[in-house]
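The exercises below ask you to read contacts, strand pairing and helix packing from a model. Work through each task with the sequence and the structure in view before turning to the solution.

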Amino acid sequence: MTEKALRLGTRRSRLAMAQSGQVADAVSQVTGRPVELVEITTYGDTSREHLAQIGGTGVFVTALRDALLRGEVDFAVHSLKDLPTSQPEELVLAAVPVREDPRDVIVARDALKFTDLPRGARIGTGSPRRMAQLNAYARTHGLDIETVPIRGNVDTRIGYVRDGGLDAVVLAAAGLNRIGRGEEVTDFLPVDTVLPAPGQGALAVECPADRAELIAALAELDDPFTRVAVTAERSLLAALEAGCSAPVGALADLPPYAAPFERGNPHADGPIVKEMRLRGVVGTTDGSRMVQLSTTGPVPETHDQATTLGRQLAAEMLAQGAAGLMGERAQ
């Protein structure tokens, strides 16, 4: 008799379905059980308001977590950058798989690079973090751009460029890669120009805390380096008391051997890497004021060590005035 299928809760968007499908295949291989996708509509999917107005990206998570707590699904897959930094006691982050490319990219008309955009170029993004860093870069490099707030799925956003309404849009490389549209990227934004959102490019596999057997199975998908990296990034975000929609960027990586967007096991086939660098940035959306700092320490071996790294960098950023650049701080 075939074992009962595991139910994976996912948002309905094309991207969410694609990344949940990849996790479903991996879980099925590990457990030998079929996995069925259960589509769940979240408030963030139905609201037409800008994310910053409706509470940030956490609005995509609540409905999935409610379904988990009601027992309607066995586990759920989130984009890690959407997860609020506080973890409910009844749920556990069972796996953080190997991270995709964390960088931001642009899709521009005429295959233009960011620095080749014409004066007055209109660049669409729904992210205050992206706006802050793009505007700051433009100010310091003599570029003349206008950032335009937009929402919508990948097709909608790229459509603004195709129909001539915008010169370019900013998207996450990971999302385009996961839906097989990486070839539409016209330029990768270096992390020295735009730091990604904390956890960008990583997935979070969440399940009820009382499902020990399922937790053990899902743990097979966990990548230890990705987990400590995103833990440090999210700890920085939490210590800044900033929500998912705040203009905060963070990235933890391994200098100098592991490019932050390498796939696969960062510890394999290379020198033994002993240090992790954590970079953080916060700024006003017009780019006029920025606090950007980094710290390097031993690669964290525990959750607490990773958390401490994030907190320490946040404390340094707050000491340099970061709090005043974020507008409303999350409660």
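**Exercise 1.** Leaving aside its neighbours within four places in sequence, which residues is valine 282 in contact with?

*Solution.* Keep in mind throughout that the model is a predicted one. Begin by placing the residue: valine 282 belongs to strand β12, which spans residues 275–283. Next, list its contacts beyond the sequence neighbours, which are Pro247, Val248, Arg289, Met290, Val291, Met317, Ala322, Leu325 and Met326. Then turn to accessibility, where the cut-off for a buried residue is under 20% relative accessible area; valine 282 counts as buried because its relative accessibility is 0%. Finally, compare sequence with space: glycine 249 is 33 residues apart from valine 282 in sequence, while their C-alpha atoms are 6.5 Å apart.

**Exercise 2.** Determine the strand order of the open five-stranded sheet that contains β8, and describe how β8 is placed in it.

*Solution.* The order is β7-β6-β8-β5-β9, with mixed pairing. The edge strands, each pairing on one side only, are β7 (145–148) and β9 (187–188). Strand β6 (residues 121–124) pairs with β7 in the parallel sense over four bridges, and within this pair glycine 124 stands opposite valine 148. Towards β8, β6 again runs parallel, joined by two bridges, and here the bridge partner of glycine 124 is valine 169. With β5, in contrast, β8 pairs in the antiparallel sense over five bridges, and aspartate 104 stands opposite alanine 172. As for burial, five of the five residues of β8 are buried, so the strand is largely enclosed by the rest of the structure; Ala168, Val170 and Ala172 point one way, and Val169 and Leu171 the other way.

**Exercise 3.** Which residues of helix α5 are buried, and why do they lie on the same side of the helix?

*Solution.* The buried residues of α5 (residues 154–162) are Val154, Arg157, Ile158 and Val161. They lie on the same side of α5 because they cover an arc of only 90° around the axis.

Methods: Residues numbered from 1 in each chain as written. Predicted model: local features only at pLDDT ≥ 70, side-chain atom pairs only at ≥ 80, totals over all residues. Heavy atoms only, no water. Buried < 20%, exposed > 50% of the residue type's maximum accessible area, 1.4 Å probe, protein only. Arc of directions from axis to C-beta. Contact = heavy atoms within 4.5 Å. Pairing = 2+ DSSP bridges.
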